[in-house]
Amino acid sequence: MDSFEAKTNHDPPLKTQRVMLILQILLRILAFAFTLGAVLRIKTSKQVLFLGFDARYTYSPSMKFFAYANVSGCALSVVSLFLALMCCQKPRDSNKYFYLFLHDLFVFGVLVAGSAAATAIGYVGKYGQKHSGWEPICIFVTKFCHKVTVSLTLSYIAIIIYLCLTIISANQSRQIKA
């Protein structure tokens, strides 16, 4: 009867564990770099026109939320780097990987929410909303709109990185049995 029972060991080989650790460290450093780039770009996005009109990210609550979401993502990327290194210490515990998964999922959600809010306002700024009578402003403040677009692009790249990290940490918390 014992021969029909599946005896499986879910511990991946040591080489695979090292590769996954290196991949996680690299992705977390990249996530830090992209969120930091998004923060720096949005913080410097200001344009003053000759008529006294100026455009700043602080004028829009959605853009401020976007900036704060990326600041949080940047800081939490550093925290997650240390968490990932702690998870790889022996003895290996799947609970640590589960907490890392929850951390990655939280950062992913914050970044998605901030980027979605800024994208919605950016769309209105670029194309306007004819039914509400809002005209596009990007034809007047092209430098500002370009910086916001670059910042959003960097943030969306960080979102993709955090999606990958969430999948990796979920997979690792599932594979390792304490």
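Modeller: Let's start with a term: contact means heavy atoms within 4.5 Å. This is a predicted model, where local features need pLDDT of at least 70, side-chain atom pairs count only at pLDDT 80 or more, and totals for chains, interfaces and linings use all residues. Residues are numbered from 1 along each chain as its sequence is written, and side-chain values use heavy atoms, with hydrogens and water left out.

Biologist: Which residues does Asp104 touch, not counting those up to four places away in sequence?

Modeller: Asp104 touches Arg28, Ser80, Tyr162, Leu165, Thr166 and Ser169.

Biologist: Is Asp104 buried or exposed?

Modeller: Buried means under 20% relative accessible area, exposed over 50%, and partly exposed in between (1.4 Å probe, protein chains only). Asp104 has a relative accessible area of 0%, so Asp104 is buried.

Biologist: And how do I read a nonpolar core?

Modeller: In soluble globular proteins, nonpolar side chains tend to be buried together. A nonpolar core is a set of buried Ala, Val, Leu, Ile, Met, Phe, Trp, Tyr and Cys residues joined through side-chain atoms within 4.5 Å.

Biologist: Which members of the largest core touch the most others?

Modeller: Ile42, Met63, Phe144 and Val148 do, in a core of 13 residues. Beyond its neighbours within four places in sequence, Met63 is in contact with Ile42, Tyr57, Ala118, Ile121, Gly122 and Val148. There is also a second, separate core of 11 residues, with Leu27, Ala31, Leu111 and Ile168 among them.

Biologist: Why is Leu40 called exposed?

Modeller: Because its relative accessible area is 52%.
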